[in-house]
Amino acid sequence: MITVLLVDDHPVVREGLRGMLSAEDDLAVVAEAGGAAEAVAAVRAHEPDVVLMDLRMPGGDGVEATARVLVQRPQTRVVVLTTYDTDADILRAVEAGAAGYLLKDASRHDLAQAVRAAARGETVLAPSVAAKLVSRMRSPVELSRREIDVLRLVARGRTNAEIGRELLISEATVKTHLLRAFGKLGVSDRTAAVTAAIERGILPAPGR
């Protein structure tokens, strides 16, 4: 029997997942958690084989919770289950030690198979996630000098207006550079863009 912990801040989502997994003879949901701290405590108490981990939650995101879970119990396999599939989210989860990355539109069959595969020590990725990782490896991101300048100032906490004044360009041009950088990095906001740029070595890590 493979034991599973469900981590999601929406009770209705946990209820749906429990119903899907309970239909499988070899899978047992042993506990649920609604946040990062609760997830870490539940792993300590129940020692599940697999954790299905939501990505965006109050009180700490799923990536942080994944890292904490694996420090506490390395043999537990964490599979991120989310609606988000941006490059930055995927990379952060994988780097934190996640054994898999699935999207919430997965079928019951695919979800059950992913839990089994993770329990066996295999890596499980949604097809779209796998495609993004392959594409990323084949096509390194190249930001323009100006896009890098804008992101560098975003990382320093500057507003668009402040960036425009510092670089002697209009605020509209700043937004254009940001949108282009978002597209190249596969993200949708400023924080994710800076994170992705640091992960790719485009920007230096904080403190360097």
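I began with helix α1 (residues 11-22), which lies across β1 (2-7), β2, β3 and β4 and runs at about 170 degrees to β2. For these entries I take helices (H or I, at least four residues) and strands (E, at least two) as DSSP runs numbered from the N terminus; axes are lines fitted to C-alpha atoms, for helices over the stretch in contact, with angles running from 0 to 180 degrees between N-to-C directions. Helix α2 (residues 36-46) also packs on the sheet, where it touches β1, β2 and β3, and its direction makes about 135 degrees with that of β2.

I note that this is a predicted model, in which local features need pLDDT of at least 70 and side-chain atom pairs count only at pLDDT 80 or more, while totals for chains, interfaces and linings use all residues. Residues are numbered from 1 along each chain as its sequence is written, and side-chain values use heavy atoms, with hydrogens and water left out.

Next I looked up the sheet. It is open and has six strands in the order β2-β1-β3-β4-β5-β6, with parallel pairing (two strands pair if DSSP finds at least two bridges between them). The edge strands, each pairing on one side only, are β2 (27-33) and β6 (124-125). Inside the sheet I followed strand β3 (residues 50-53), which runs parallel to strand β4 (residues 77-82) and is joined to β4 by four bridges; V51 stands opposite V78 in β4.

I then asked which residue forms a salt bridge with R14. The partner is E32, with the closest N and O atoms 2.9 Å apart, where a salt bridge is a side-chain nitrogen of Lys or Arg within 4 Å of a carboxyl oxygen of Asp or Glu. This pair links distant parts of the chain, since R14 sits in helix α1 and E32 in strand β2, 18 residues apart. The structure holds 15 salt bridges.

Returning to α1, I found that its axis and that of helix α5 (residues 108-119) come within 10 Å and cross at roughly 75 degrees. That makes α1 roughly perpendicular to α5, given that angles under 35 degrees count as roughly parallel, over 145 as roughly antiparallel, 65 to 115 as roughly perpendicular and the rest as oblique. L17, M20 and L21 in α1 meet R108, L111, A112 and V115 in α5 (contact means heavy atoms within 4.5 Å).

L178, F182 and L185 in α9 meet R190, A193, A196 and A197 in α10.

For helix α7 (residues 145-155) and α10, the axes come within 10 Å and cross at roughly 110 degrees, so I record these helices as roughly perpendicular to each other. On the α7 side the residues are L151, V154 and A155, which meet R190, A193, V194 and A197 in α10.
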